Amino acid sequence: MLKKGDQIPEITLKDQDNNKVNLQNFKGKPLVIFFYPKDNTYMCTAQACSFRDHFDEFLQFNAYIVGISKDSVTSHAKVINKRKLPFPLLSDPYGQALKAFKVSTYLFGFMSARCTFIIDKEGVVQHSFREDFKADYHIKKSIEILSGI
């Protein structure tokens, strides 16, 4: 995984509305990027909904939140609408973001590990961590790190 001090890569992915989103365009505010394995699975839904439920806390730090998985734009749109997520989900069907962020995969590259990156307003990774089975951990740890940058 990318680690503290690494610059985030120049990556453009499509969001749930089929708009191209370049991660470099988030510079100027802190950014929380979470990678997750699969839409509409128990742990991934819990993780996304936890970010949603704590969204106001992230706003206190002027932070953007972005979720990334290999799922399709259509799948992401359904999740956003069903779960009322206030942040974008980006589709990475070919794994370009996974490779650029050095996120490990399993099931022959079909699914990513669950990991989160906290990026400062200059686009530099301040912290990265992986915890596959504790969705709330990602939220608590992200807020803790944001409070210190």
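This tour moves through the sheet, the helices packed on it, the aromatic rings and a cavity.

The model is predicted: local features need pLDDT of at least 70, side-chain atom pairs count only at pLDDT 80 or more, and totals for chains, interfaces and linings use all residues. Residues are numbered from 1 along each chain as its sequence is written, and side-chain values use heavy atoms, with hydrogens and water left out.

Stop 1: Seven of them form an open sheet in the order 2-1-5-4-3-8-9, with mixed pairing. Strands (E, at least two residues) and helices (H or I, at least four) are DSSP runs, numbered from the N terminus. Two strands pair if DSSP finds at least two bridges between them. Now select 20-22 and 125-130. These are strand 2 and strand 9, at the edges; each has a single partner strand, so one side of each is left without a neighbour in the sheet. From one strand to the next, the twist averages 30 degrees. Axes are lines fitted to C-alpha atoms, for helices over the stretch in contact, and angles run from 0 to 180 degrees between N-to-C directions.

**Stop 2: strand 1.** Select residues 12-15. Strand 1 runs antiparallel to strand 2, joined by three bridges. Pick Lys14: its bridge partner in strand 2 is Lys20. Strand 1 is also antiparallel to strand 5, with two bridges. There, Lys14 stands opposite Ser91. Next, go to the hairpin of strand 1 and strand 2. Four residues lie between the strands, and Asn18 takes a positive phi near 70 degrees.

**Stop 3: the helices.** Select 73-83. Helix 3 packs on the sheet, touching strand 1, strand 4 and strand 5 (89-91). Contact means heavy atoms within 4.5 Å. The direction of helix 3 makes about 165 degrees with that of strand 5.

**Stop 4: the rings.** Select Phe34, Tyr36, Phe51, Phe55, Phe58 and Phe87. Ring pairs link these residues into a cluster. The model has ten aromatic pairs. Rings of Phe, Tyr and Trp (its six-membered ring) pair if their centres lie within 6.5 Å.

**Stop 5: the cavity.** There is one cavity of 30 Å³ or more. On a 1 Å grid over the protein atoms alone, a cavity is a set of points where a 1.4 Å probe fits but cannot get out; lining residues have an atom within 4 Å of a point. The largest cavity holds about 40 Å³, a volume being the space filled by probe spheres set on the points. Select its lining: Tyr36, Asp39, Asn40, Cys44, Thr45, Ala48, Val79 and Leu89. Helix 1 (residues 42-53) gives the largest share, three residues.

Methods:
1 Å grid on protein atoms, 1.4 Å probe; cavity = no way out; pocket = protein on both sides within 12 Å on 5 of 7 lines; lining within 4 Å. Phe/Tyr/Trp six-rings, centres within 6.5 Å; stacked < 30°, edge-to-face > 60°.
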